[in-house]
Amino acid sequence: MIALGRGLRRLLDGLYLAGGMIAALALVSILAIIVAQMIARWTGLIFPGAASYAGYAMASASFFAFAHALNRGAHIRVSLLLSALGRHRRWLEIWCFGIGSALTWYLSYYAIKAVYWSRKLNDISQGQDATPLWIPQMAMAAGAVLLAIAMTDHLVRVLVLGSSGIVADTVEQSHGE
Amino acid sequence: AEKWDMPLAYPATNFHSENAAAFAACVTEGTGGEIEIVTHPGGSLFGGADIKRAVQTGQVPIGERLLSAHANEDPIFGVDSIPFLATSFDDSVKLWSAAEGAVEEALDGQNLVLLYSVPWPPQGLYFNKEVNSGADMKGIKFRAYNAATAKLAELTGMLPVQIEAAEVSQAFATGVAESMISSGATGYDSKLWENVSHFYEVDAWLPRNSVMVNKDTWAGLSDETKKVFTDCSAKAEADGLQKAKDYTKLTLDGLASNGMKVLKPSDQLKADLALVGEAMTDEWLKAAGDKGKAIVDAFKAN
Amino acid sequence: METLAPIILFLFVLFLLLGTGVWVGLALLGVAFVGMELFTSRPAGDAMITVIWAASSSWTLTALPLFIWMGEILYRTRLSEDMFRGLAPWMARLPGGLLHTNVVGCTVFAAVSGSSAATLTTVGKMSVPELRKRDYPEKMVIGTLAGAATLGLMIPPSLTLIVYGVTINESITKLFMAGILPGLVLAGLFMGYIAVYAKVSKNYKPQPEPQMTFREKLANSRFLLPVIALIIVVIGSMYTGLATATEAAALGVIGSLALAAGQGSLTWKTFGESLMGATRTSAMVALILAGAAFLSLSMGFTGLPRALAAWIADMQLSRFELLMALLVFYIVIGCFLDGISSVVLTMAVVEPMVRAAGIDAIWFGIFVVVVVEMAQITPPIGFNLFVLQGMTRHEMTYIARAALPMFALMVVMVFILIAFPELATWLPENMRTRP
Ligand code: NA
Ligand code: NA
């Protein structure tokens with residue numbers, strides 16, 4: 001039982017980190033696409049659909065990293081009440097992760113549905129890339145599901161162990177400001 | 001009473017948006033308030049790129065979209081944007097009446113019903129110098145923003161440069177671009193006379209905004225209500241065309257009074273561009289197949 | 001008025017979710033969901049995904065992770081030591097002495113970093129120990145740093161301005177240009193305050209600096225060359241139109257990597273850390289933007305923003321009165337929310353009001369940045385306070401009090417902006433007619 005639990009823990013943490021790394025790769029590819037587009041313009045060439053590709057990479061960089069960022073306490077929340085509650089914090093955390101799980105599963109459901117409909121409706125990018133949209137939208141769906149799994153994972157941890165294991169990283173949160 | 005939210009991509013003061021607002025009022029009044037259409041201009045509900053899909057899937061019942069942006073899905077949607085095929089308001093109307101059936105059919109397959117369609121002012125060529133022939137265009141840095149304009153650059157021997165819409169005026173100011181194809185209205189709205197000297201009224205094509213309804217929603221309307229819609233649509237299409245003509249004149253006069261040279265193309269330039277037009281029509285026909293051929297033949301026969 | 005019920009409901013759900021600690025992005029999503037379910041018969045989930053996909057896959061937004069990444073790289077270089085060495089000799093003789101390195105250092109670093117907190121950490125990790133060593137009054141060291149670091153948001157590049165521009169669909173390059181002059185004026189206000197303080201206060205008795213010849217000062221300035229080169233690449237390329245804001249960000253990342261490599265501080269480890277840090281931070285902002293996109297759609301369906309804009313128009317508020325109301329409003333929510341959240345949360349409603357009042361959207365962006373800057377240093381939630389708390393081990397109340405004069409100067413800055421709108425509008429309007 002314990003070994004199974006540990007294995008599951010390792011698997012889930014590995015998943016979040018892997019998501020983060022895929023997101024990081026997407027960030028690097030944004031850089032590569034923008035640079036390639038600039039060079040193309042300077043040399044009188046065309047990089048068809050560069051703006052669209054950069055946009056898809058942007059979506060992947062965000063969605064794949066959501067769970068990893070949650071795990072590292074990077075998502076912003078107003079924690080005044082949470083810290084004021086002291087040892088009763090657990091109850092409010094259950095509420096937060098409960099709401100969070102519900103909302104992220106809702107998001108996941110419609111993200112998957114969007115992929116399905118984009119495919120069915122043959123929705124194609126309006127840019128020069130003419131990419132079938134369900135392909136880049138898969139990143140959105142996968143990232144949303146990963147976040148929902150992470151939320152549920154932490155909800156279970158709060159319920160069973162009493163704490164989520166996330167330590168809010170205010171330094172990291174501050175970097176967006 | 002039922003509220004219909006109608007997303008529009010362009011600002012409230014744009015003539016298309018004003019026309020749509022008049023259409024909305026017409027329907028609201030005609031149905032005695034049974035259907036109240038509320039316009040949301042400026043992309044405030046859905047952005048332009050998302051409006052068709054939103055109507056298609058019933059997220060909103062009605063919306064307006066520049067259909068040619070969706071030519072990747074079906075080349076028929078791009079029929080109004082073939083360079084140098086229909087080069088005046090009259091031709092644009094003729095081409096549209098030849099194409100309307102096919103476009104409606106394509107929309108029907110996407111769960112959409114076409115209500116009316118209004119052209120934008122004709123597309124002209126902006127240059128930073130006098131240009132009298134195809135030869136004068138060689139080597140000029142030309143703003144290409146989609147496959148068709150990139151092809152246009154290739155056929156005329158201009159150098160394509162890729163610039164997003166928001167960066168156009170800056171690109172001209174810094175010499176990153178020296179030419180582009182767009183309507184006089186674009187130059188007027190973004191005060192291009194500060195950076196560009198010549199505008200040639202080549203009337204390359206007249207893209208259209210189309211207003212469409214979700215097919216399921218449409219099927220649920222009574223015949224009486226449908227009649228209100230078709231009457232208001234006919235009126236909106238006619239009023240919109242007149243507004244487009246008025247706006248064309250207003251903006252071209254505006255360019256000229258601000259010191260830009262607004263010129264008719266020379267015969268040589270016209271002839272050279274007509275050749276380009278033939279090549280680009282062939283290109284489109286290759287993609288659009290028999291349906292496309294039928295449209296172009298019907299248009300030319302008229 | 002019939003809009004009152006939805007307003008109260010929206011606010012109740014919003015405060016409930018935010019106040020109980022639900023993550024900001026998800027709280028916005030939740031409020032939007034409630035709005036859609038109650039006020040329209042349209043399928044909420046499908047519409048949600050349409051706008052979230054559009055917001056998340058936007059080309060303009062790509063400037064955001066790149067500028068964040070650039071800041072993360074620079075943070076791991078020796079840039080701040082070099083800046084202090086280069087700047088200090090020139091500041092030593094001014095009234096207020098090396099306290100000015102806080103302001104000038106932040107101003108210079110602000111020109112390569114998009115974040116206030118990153119500016120604070122980078123400049124502060126060098127200036128605080130050096131200033132303490134020389135017996136500058138602690139309150140001034142802390143206060144001026146907390147205040148001046150907020151210039152990171154106003155002087156381009158600026159994450160707040162990117163978020164603002166993406167939210168209301170305005171050119172980010174123009175917004176960036178608009179921030180330059182007001183940023184310099186605000187820096188001038190801070191420096192003026194330091195000079196006056198040095199003349200007036202009895203607490204001001206730092207140790208004198210050793211004399212330096214002009215040649216020596218010049219020689220020390222070579223340490224500034226890397227950061228100046230980076231500023232020229234980033235702001236220069238945008239101003240001359242050679243690069244868009246996104247492209248300037250890409251150039252900035254490459255420049256910072258080159259700088260780090262030149263200093264020998266670029267290893268696979270620091271590269272990986274900077275990249276993962278940037279990925280997390282931009283994901284955090286992206287989740288908030290996704291929630292805000294849905295909230296804005298939901299608001300659009302309810303017709304609330306339009307009704308409010310009409311209501312404001314009916315009240316016949318003057319432009320000035322409207323701005324004063326917004327100033328108070330933003331100061332209050334700024335106490336509890338971070339800047340990016342307060343911008344995206346309010347824009348769906350505030351944008352139509354502001355446009356209806358005929359206020360220039362670019363100018364208003366700078367107004368918003370000043371009020372968001374204030375939020376950085378007001379308790380209980382203010383990121384500069386948090387960061388300084390970690391850095392100096394002072395109580396938050398002490399830091400907030402030390403920063404209070406800077407807060408007052410920012411209020412003054414708002415009035416300067418209202419009196420001289422050209423400060424913000426002149427550069428963006430004139431950049432295209434560059435020689
Ligand atoms: Na900055
Ligand atoms: Na605050």
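Throughout these legends, a residue is buried at under 20% relative accessible area, exposed at over 50% and partly exposed in between (1.4 Å probe, protein chains only). Helices (H or I, at least four residues) and strands (E, at least two) are DSSP runs, numbered from the N terminus. This is a predicted model, in which local features need pLDDT of at least 70 and side-chain atom pairs count only at pLDDT 80 or more, whereas totals for chains, interfaces and linings use all residues. Residues are numbered from 1 along each chain as its sequence is written, chains are lettered from A and ligands numbered from 1 in the order in which they are written, and side-chain values use heavy atoms, with hydrogens and water left out.

View 1. Because 5 of its 5 residues are buried, strand 8 of chain B is largely enclosed by the rest of the structure. B:Ser179, B:Ile181 and B:Ser183 point one way, B:Met180 and B:Ser182 the other, and all are buried. In a regular strand, side chains alternate between the two faces of the sheet. Strand 5 (residues 123-127) of chain B pairs with strand 8 of chain B in the antiparallel sense over 5 bridges; pairing requires that DSSP finds at least two bridges between the strands. Opposite B:Ile181 stands B:Leu125.

**View 2. Strands 1 and 2 of chain B.** Strand 2 (residues 35-40) of chain B is mostly covered, with 5 of its 6 residues buried. Strand 1 (residues 2-7) of chain B runs parallel to strand 2 of chain B and is joined to it by 6 bridges. B:Ile35 is the bridge partner of B:Glu2.

**View 3. The interface of chain B and chain A.** In contact (heavy atoms within 4.5 Å) are 19 residues from chain B and 22 residues from chain A. The buried area, meaning the accessible area (1.4 Å probe) that two parts lose on being put together, summed over both, is about 1,600 Å², of which carbon and sulfur atoms give 46%. In chain B, B:Arg53, B:Asn72 and B:Gln162 lose the most area to chain A, together 44% of what that side buries. A salt bridge (side-chain nitrogen of Lys or Arg within 4 Å of a carboxyl oxygen of Asp or Glu) joins B:Arg53 to A:Asp123, with the closest N and O atoms 2.7 Å apart.

**View 4. C:Asn384 and its neighbours.** C:Asn384 lies in helix 20 (residues 383-392) of chain C and is buried, with a relative accessible area of 0%. Beyond residues up to four places away in sequence, C:Asn384 touches several residues, among them C:Leu120, C:Ala146 and C:Thr150.
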